[in-house]
Amino acid sequence: MPVFNQSRSNIIRLIFAAMFLVIAAQLFNLQVISSKYRKLAQENALFPKRIYPNRGIIFDRNNKAILNNAILYDLMVTPSQVKNIDTNYFCQIMDIDTAEFRDRIQDVKYKNGGSFRPGIFQDLLAPDLYAKLVENIWQFSGFNLQERPVRVYPYNAAAHILGYIGEVDSAIIHRYSGYQLGDYVGRTGLEQYYEKQLMGRRGIEFWIKDNKNRLVGHYENKADDTPSVAGRNLRTYIDVNLQQFAEKLMANKVGAVVAIEPKTGGIIAMVSSPDFDPNSLTGPEKKKNYAKLNLDVSAPLLNRAIKGLYQPGSAYKPIGALIGLDEGVITPASGYDCRGVYLACNHPVKCEHKDPGHARTMRIAIAHSCNSFFCNTFRLTLDNPEIHSVRRGLMKWKEYVNAFGLGHRIGIDLPSEDGGNIPDTASYDKEYNHSWNSCTMVTMGIGQDKMEVTPLQMANAMCIVANKGSFFTPHFVKSIDGHSQDDTVLDKFSVKHEVLTHIPDDVYEDVISGMQDVTEIGTASAVRIPGINMCAKTGTAENYLTVDHRRTKLRNNAIFVCFAPRENPKIAIAVVVQNAGFGAVWAAPIGSLLVEKYLNDSLRPESQKKAEEVANADLVPKYLVRVQFLQDSTNAARHAIRTHDSSSLMKYIIPSSRAALLDTFKKVTILPRLSGPSIKQNMLKPKDTAKVIKPDSTR
Amino acid sequence: MSQRNPGISKGVDWPLVWIWTALCFIGISCIFAATYREGDNVLQGFLSLKTDYSRELLYFLLAAVAGVFILLIDSKFFTATANLSYALGLFLLLLVFPFHSRVKGTESIIRFGNAFQLQPAELCTVFVNLALAKYLSRIETDFYKPRSQLVAASIALIPAFFSILQNETGLALVYFSFFLVMFREGLSPAVLVMGFSFAALVVATLLLEKNLLALILTGIAAFVIYILRKQIKRRKGILLAIVGIWFICVGVQRFVVPFMFDHVFKAYQVKRMYDAIGKEYIPKNAEAVQEIEKKAGGKKTDNNYNVSQSKIAIGSGSIMGKGLLKGTQTRYEFVPEQSTDFIFCTIGEGFGFVGSILFLGIYLVLLYRMVTIAERQRSTFSRCFAYGVASVYFFHISVNVCMTIGLAPVIGIPLPFMSYGGTSLLTFSIMLFILIRLDADRQMVLR
């Protein structure tokens, strides 16, 4: 018996111990030193499910919800659990065929990388389909209905104001913390401006998932979960009835309407036309609809009320009168002997009225909108002998105009407002090489030349006149539910800006009297509302556009500004209808009808008739058809060059189909859709358009 | 097995029995933790025989009954029937060839009905152990003769050969653990060193680039020559030996290993070896790809995935672990083969580093206890048998745990008393009880 080998038992023990040490070392490495496995395990098994709170609801001034949340349902399917179901019956309910059924199941499998996770079979079910399914869902194993909150616009109105939400993009994720891919965020309008208030706070629930990605239960008994907090509701000044009425009046027109409550700066209605159905950007078709709207040359997505730049034309005149009066270059008794044309400068400026005495006093000149009188006033302001210099005169005048809120951003609670333009000496120095005088820009006295303002600014200027020198920054939101001290977002809207209160009240009264005369005896006397003293001013601006390398005269832009009632102004309105014709004919009725509707809460029978007439008028500029044709054909040509597929280009070349195509364009009442970079730029950036459209005269 | 019955309990080594009981219960709990789902009726689960843990409990009871029977048998019975049982083992192994059923790519299982199956290659370790002990304890055996060593090696390796034929390379490797017994009985340590070196060289070949490894080997050789330069001056033979060893090593890494991978091992086995060390195996030809796919088709999981999931599960346990039934990885089927080969993950995730070390400590105590017991035997037969049991346990424990923590290839070797499986539990228990029975008669000299 080899007893002397007994020492080897120790070697064997040593081998055992060494092996265990090696294992212990690796365990130490895995479990104590390396931290990545814990993270990997969490990634494996934890699913942080984000709980989205309801976004805040937006109410109008009468507490009607104009932007609300609704629950729609998605039909979900877990392919692995679809067993023994009556496929024919199911397809009959869903109104699809069995091939489609199989395709969709395959699609879900493909998207989820397997058949164990539920995927969307059909999203955003129509209510009747949902009702049918909810009764029968028990028969279809593997299928279930899942809630999905969506934004709804119950009044189908105020698309531009309210805005819409969309998935966040990388820029937003980069700029603001707290967003992740797949989150929704306000993209325009109040939805964007008040995003912080509306979004609420997201919650997180930690779920445990298994190796097939099925959620099997809560993690750690919800200890780490955070609850979601609903978004805060916004109370606005919007009167949704008036808003809808204004949208109806602006149908089939291009332009904008802004109505402000002068006492608070609260915006009662704001329309930009053409507009779009806000609900079309929430449902399952939203991407398609958005693309359509985005390619439309008439730019329905553009909010012309804050981004459209227009020459105010004669609507500027009350302001010109106020400046002249305050500067002391005219008095209420000043007149101008106008014979239908202003000849004091090299180029004549036409006036619509030829009869002598139509501008014998300032008040009458306002009522009849005499161009000569206001050209003269403008030149007197610039060449004020007390100032001694036309340069200083122009800057002084610009100061006044800016004080009226024109030519700079007002600070409305909507994103991407445009500032407009009131020219200074530098721009004329550049254009006229320092040699210019008050005659150079004489048409600025009648709201033209380089002057460009937004409809919002026009309405706000009316508020300043109505308030006799002061205004509140125009805004939509009156209050936010759950208001606390930390909220500063609304603070700037409660500040009264006393910009022009140094002008005496009686000066205002003189001009206001002139504006009242506009509706009594002047240009807008046709739209007078019995029992309401409305102060208003019409404007008509000629404009031109270069189409096919030819400078073409377009129909005039119709403009109307007003406030009412004179004694206690409750509403100030600016209306712009592009290429419609006379301001008194197309813009004034819209403004007047809105005032009547808002102040009287109802319309007289003749006003109702008038409203129908205006609403049914199609004033979409016809040049868009031609412009669209050019753009479409250019795009088709580009497409043909790129892809060697000329089928779409041929439509624009063969004469017969050409005619048919133009014909269809004309038949489209809502503006024709065009795709093309250059025309889109023109339409989306009104500034560029302004370079093309040059006014020659005004009335 | 009541302690009061002097017939059975006399001389029984109770620590071993307690360790056995403890390990079995830990094993059943771990299988329970791995397969229990929230809402299952626990009592029904344990009684129904439909769940893994209930079956494991049944196997435990069967093993206990078998243990009592073994304790009632005269220890001379084992020496007397050792050779006969070896023959029976070989017969069972051969029986597999006509009667096997394919499970998970192996061809080593005989099925009885639906639920119960037998893996003779596993059971055979007991018989080999007995036969080897019998051979080594013969008076006429002089283990210092190479012929005896060759016979002993054949006793151990014939079943290994059959196992390889049944596609159970892992179980075949188990039989190599009997070389530890032979080492204890006087086999030259050079055999162990060479075997270990060869394994190390193969792993190094896999890990390192060909020429770099050759360079390292040359460096080692040069270093050894430098150290031994004085002895070499006296005896030139040493230099020759060193150069010879260097030559063999380079030859092995240059030619033998690639040859083995291309011709001896199956493609899927090579892939598993690569998986274990975390390298990607690129099959040489289309046949190899097909073979790997065929092998994977049965299992439908990738070993690389298994190992990484297992490492994640164990690693996520951190120091203190998540607690039993709290592990997210082991409970939700992220680790495949959870209740069998990768049962250690449950411990690693549930009880962390501390728990794992304590748990492995139990195994270490068991092994040390068996070595102690082996050394206190008067008869060579008992000692050899005890060492055999310890070696087989050691091999299983170290390879299985190393495989779950990414230190060894996945070769499908169960963890004693822990992994789900009746054959393995019975085999390990029978071995242990035979050892206890032999130990009870440690004063006798058995031949």
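In chain B of this predicted model, helices α6 (residues 120-137) and α7 (residues 146-165) pack at an angle of about 170°, and their axes run 9 Å apart. Axes here are lines fitted to C-alpha atoms, for helices over the stretch in contact, with angles running from 0 to 180 degrees between N-to-C directions. That makes α6(B) roughly antiparallel to α7(B) (angles under 35 degrees count as roughly parallel, over 145 as roughly antiparallel, 65 to 115 as roughly perpendicular and the rest as oblique). Helices (H or I, at least four residues) and strands (E, at least two) are DSSP runs, numbered from the N terminus. On the α6(B) side, the residues that meet α7(B) are B:A121, B:C124, B:V128, B:A131, B:L132, B:Y135 and B:L136. Their counterparts in α7(B) are B:V151, B:A152, B:I155, B:A156, B:P159 and B:S163, where contact means C-beta atoms, placed from the backbone, within 7 Å. By class, this contact holds 12 nonpolar residues, one polar and no charged ones. Ala, Val, Leu, Ile, Met, Phe, Trp, Tyr, Cys and Pro count as nonpolar, Asp, Glu, Lys and Arg as charged, and the others, Gly among them, as polar.

A word on conventions and confidence. Residues are numbered from 1 along each chain as its sequence is written, while chains are lettered from A and ligands numbered from 1 in the order in which they are written. As the model is predicted, local features need pLDDT of at least 70 and side-chain atom pairs count only at pLDDT 80 or more, whereas totals for chains, interfaces and linings use all residues. The model scores ipTM 0.88 and pTM 0.66. For chain A the mean pLDDT (the predictor's confidence in each residue, from 0 to 100) is 84, with 93% of residues at 70 or more. Residues 668-699 of chain A are another matter: pLDDT is below 50 there, although the stretch has 82 contacts in the model beyond near neighbours in sequence. Chain B has a mean pLDDT of 83, and 88% of its residues reach 70 or more.

Chain B as a whole has 20 helices and three strands. Among contacts in chain B with a separation of 6 or more, 70% link residues 24 or more positions apart.

Now for the interface. Chain B puts 37 residues in contact with 31 residues of chain A. Five helices of chain B, α9 (178-184), α16 (303-315), α17 (328-331), α18 (344-375) and α19 (380-404), each supply at least two residues of the side that touches chain A. The largest share, 10 residues, comes from α18(B). By class, this side of chain B divides into 20 nonpolar, 11 polar and six charged residues.

Chain A contains an open, antiparallel sheet of five strands, ordered β12-β11-β20-β19-β18. Strands count as paired if DSSP finds at least two bridges between them. At the edges stand β12 (266-273) and β18 (535-547) of chain A, each pairing on one side only. Neighbouring strands are turned by 10° against each other on average, direction ignored. Strand β11 (residues 255-261) of chain A pairs with β12(A) in the antiparallel sense over seven bridges, and A:I260 has A:I267 as its bridge partner in β12(A). Helix α18 (residues 455-467) of chain A lies across β11, β19 (550-564) and β20 (571-577) of chain A, at about 150° to β20(A). Helix α22 (residues 623-643) of chain A also packs on the sheet, touching β18 and β19 of chain A, and its direction makes about 35° with that of β18(A).

A three-stranded open sheet of chain A has the order β1-β8-β9, again with antiparallel pairing. Its edges are β1 (46-51) and β9 (215-218) of chain A; each has a single partner strand, so one side of each is left without a neighbour in the sheet. Twist averages 45° from one strand to the next. Six bridges join β1(A) to strand β8 (residues 203-209) of chain A, with A:F206 in β8(A) as the bridge partner of A:P48.

A:L190, in helix α8 (residues 189-193) of chain A, is buried, with 27 other C-beta atoms within 10 Å. Leaving aside neighbours within four places in sequence, A:L190 is in contact with A:I58, A:I161, A:L162, A:G163, A:L234, A:L414 and A:F476. A:Q311 lies in the loop between α12 (304-307) and α13 (317-327) of chain A, and counts as buried because 29 C-beta neighbours fall inside 10 Å.

Methods
Contact = placed C-beta atoms within 7 Å. Buried ≥ 20, exposed ≤ 12 C-beta atoms within 10 Å, placed from the backbone.
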